[in-house]
Each structure stands twice: as structure tokens, then as C-alpha cells.
Amino acid sequence: MMAGQDAQAWRARAVGSAAADIDLVFDAADRPGTVTALLTACVCGPDGQAIEADEAWDWTLNQRLQALIAMRLAAQEPVIELQSACTQCNEPMEVALDLRALAGQSAAPRFNWRSDSGVELALRLPRGRDLQSWMLEGPSSQEALAASLIEAVHGVAPDEEPPALSTLLPMLDDAFEAHDPLTALRLHTTCPACAQDNTLVCDLEALLIDGFSRAQARMLDDVLQLASAFHWREADILALPRWRRAHYLRQLDREGAWA
């Protein structure tokens, strides 16, 4: 959700529902930039205006994922089919991930955590801008990344030198995952062959981006098929509502079956 606003304060549309979506660039080397481009293209505020890139960069990873889920649901494609292999018997498994079960209120951007040894930290979730900075600055240690998400130690802003985190890192990982399970999504399923319980680590953001890329590819295929049949210009084809493009394509399929 937009910072400071409730879940109904913005609207998402499906990738492929606007002619401009044909120009979206899916850059595998810059996934944070790709997500920001998708959000600015397909998410708008209550006034109907597209969100600005600066705002999208300031959203937490959880907020960005919730918006991507909303975009996928707007396309009326709520289920992602996953394939994996059982860790015990190697039997292929199919898992249906229903995004409707994951959609909802974003995790709070800040939370407090206390270790078993009494260390009290005020933590914040990583934002898109953090990913952007980490990419530009190059590889950093896990301690440095964790330190950048600490806003207070025992209620006091940390010094420039990060606190000693080496022993706390595993617990911090668990704390972030418990507060924001969406960003580090784990799916639990039982093997139909041997009944072994399996835990699947799911890169939800990558799965959603792949689906949006496929939606854009279908747009290109539609343009190619209609341009070949009717010699229409690309701009004219993309200006057609999706239901009209779908109608013409169905007619072409029928004519091909009758030929």
C-alpha cells in the first residue's frame, strides 16, 4: 500500500491492458528497476494519477509485492502453478499458489525485536530504494546490510559503527521473515508419492515478473497476427480494447478451422 494510506487508497490494473505496456522493459540485470517501472505503469492513486517513481522506490519490498499481486489479480489470473521435486524421493510435484490467499494489508514498515540475550532493536523493512543503493554500491557484508535496517538499539539511534551483529544475524533473519513472510515466501506441501513434507522457497517477485513478461509477449503476438491478417498498423491494433482484439483473433481462428 502507499505509505500512510490504507489498502483501498490505490488501484492496480493488469499488464497488457494499456497500449503503453508494449514498451515496458524487463531487465533481468535490474530487477528493482523493472519492478519500479511496472508499478509506475500500472498502479495509480485515488485521484487516478499514476504513482511517481520516487514513491515506488520508497515502498517496502512487502508493499511492492502487494501491488504486484494486485496487478496479477486484476488480470483475473489468481493462481501460479509451481513445479518442484520431492527432497526425499525426487518425485515431481505440482503446487498451485493462490495469490488471493496472500493479498491483503501490507506488513508494518517498522517493528521492534528483542533477542533472547536482551538486545532490543527497532527495525525497518527494506525498501526498493535500499535495493537500488545496494546494487550501485556493490556487494556488502550481511552485517552491513542488517545494520542499515536498524533504527535504534535499546531505544537510542545507533552510532556510525554498526553494533556487533555476527551472532544475531540468524535470529534477525528469522525476525524479518516472521514479520514479512511474503518477501521470503516458503510453501509447505506433502509429496503425493512418499508423503514427505517439503518446504519450497518461492521467489514470488520473480514469478510475478515472469507472468507480466508473458502478458507483454501475448500482446506482441496479437499485434503480429492481426497485422498479418488485416495489415493494420501496430498503433491502431494496440488502440483497440482487449475484448475487441480477442474477438478478431477468435474469428481468425474460426476461419482457419473452416479453411
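Q: Does Y248 count as buried, partly exposed or exposed?
A: In this predicted model, the relative accessibility of Y248 is 24%. Buried would require a value under 20% and exposed one over 50%, so the class that applies to Y248 is partly exposed.

Q: Which class of aromatic pair do the rings of F230 and Y248 form?
A: A pair of aromatic rings is described by the distance of the centres and the angle of the planes. For F230 and Y248 the centres are 6.2 Å apart and the planes stand at 65°. Since planes over 60 degrees apart meet the criterion, this pair is edge-to-face.

Q: Which helices does the pair of F230 and Y248 link?
A: The two residues lie 18 residues apart, and their pair links distant parts of the chain. F230 belongs to residues 204–230 and Y248 to residues 242–258, which are helix 7 and helix 9.

Q: Which residues form one aromatic cluster with F230?
A: The search of the whole structure finds four aromatic pairs, and one of them joins F230 to W232 in a stacked arrangement, with 4.5 Å centre to centre and 20° between the planes. Both of these residues are partly exposed, F230 with a relative accessible area of 34% and W232 at 31% relative accessibility. Together with F230, the members of the one cluster are W232 and Y248.

Q: How many residues in the contact of helix 1 with helix 3 are nonpolar?
A: Helix 1 passes helix 3 in a left-handed crossing. Helix 1 contributes P32, V35, T36, L38, L39 and C42 to the contact, while helix 3 contributes R64, A67, L68 and M71. Of these residues, one is polar, one is charged, and the nonpolar ones number eight.

Q: What separation do the C-alpha atoms of A56 and T36 have?
A: A56 is found in helix 2 (residues 53–58) and, at 0% relative accessibility, counts as buried. Leaving aside neighbours within four places in sequence, A56 is in contact with T36, L39, T40, I51 and R64. A56 and T36 are 20 residues apart along the chain, and the separation of their C-alpha atoms is 5.9 Å.

Note on methods. Residues are numbered from 1 along each chain as its sequence is written. This is a predicted model: local features need pLDDT of at least 70, side-chain atom pairs count only at pLDDT 80 or more; totals for chains, interfaces and linings use all residues. Side-chain values use heavy atoms; hydrogens and water are left out. A crossing is left-handed if the near helix is turned anticlockwise from the far one by less than a right angle, and right-handed if clockwise. Helices (H or I, at least four residues) and strands (E, at least two) are DSSP runs, numbered from the N terminus. Contact means heavy atoms within 4.5 Å. Ala, Val, Leu, Ile, Met, Phe, Trp, Tyr, Cys and Pro count as nonpolar, Asp, Glu, Lys and Arg as charged, and the others, Gly among them, as polar. Rings of Phe, Tyr and Trp (its six-membered ring) pair if their centres lie within 6.5 Å; planes under 30 degrees apart count as stacked, over 60 as edge-to-face and the rest as tilted. Buried means under 20% relative accessible area, exposed over 50%, partly exposed in between (1.4 Å probe, protein chains only).
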